[in-house]
Amino acid sequence: IGPDFLTRDILGRNSQLNLFDGGLITGRFSVGTLTTVALCEVNLFGGELDNSLLTYKTTTVNVFMELGELRPITLDHSVLNVYPDARISSTNATNSTVNLLGGTVGRVRIKTGSTLNMFAGSLGSGLLQGGDAVISGGSLGSSFAINTQESTLTLQGGDFQLDGTPITAPP
């Protein structure tokens, strides 16, 4: 989408949407379907997402840009890739994968059947509600909680710090 806009539409099966500078998506925009495999891809390179993005059934969302405040991305059986220089206010994932490869995510909620893979970037706050998180890089904000016993948090690496102070392994 160039200097045009989409409003409250649904992107159907086997489709790709590329949003560039000057493009605008308004209203709650849905990608995929609730009942069948969608095989959709959304690439956010520029432009503006005016409200929220909802994805269903095997949709991949690649974010390369800064999204405005209060522009959540809600995932259901989908993949979200957040690249360097991207900024997302929040995302909710159910049976989905969130890959933080750089950039910033303000809030993330990882629900049942979902995984957060954090390789780089920063995460303001997070909540694991039956999902899993694997953190091997980047920085976490002050609020990261695990809400259920079904969730797992895996920290990978060798240089851990809390408020700038190195954390060493117990003797």
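**Aromatic pairs and a nonpolar core**

Hi everyone, let's begin with the rings: the structure holds three aromatic pairs, where Phe, Tyr and Trp rings (for Trp, the six-membered one) pair if their centres lie within 6.5 Å, and planes under 30 degrees apart count as stacked, over 60 as edge-to-face and the rest as tilted. Please keep in mind that this is a predicted model, in which local features need pLDDT of at least 70, side-chain atom pairs count only at pLDDT 80 or more, and totals for chains, interfaces and linings use all residues. Residues are numbered from 1 along each chain as its sequence is written, and side-chain values use heavy atoms, leaving out hydrogens and water.

Take F20 and F45, a stacked pair with 5.2 Å centre to centre and 10° between the planes. F20 is partly exposed, at 42% relative accessible area; that class lies between buried, under 20%, and exposed, over 50% (1.4 Å probe, protein chains only). F45 is also partly exposed, at 39%.

Next, F45 and F64: their ring centres are 4.9 Å apart and their planes at 10°, so this pair is stacked. F64 is partly exposed as well, with 30% relative accessibility.

Which residues do ring pairs link into a cluster? They are F20, F45, F64 and Y83.

Now the largest nonpolar core, which has 34 residues. Such a core is a set of buried Ala, Val, Leu, Ile, Met, Phe, Trp, Tyr and Cys residues joined through side-chain atoms within 4.5 Å. L53, V63 and L80 have the most contacts inside it.
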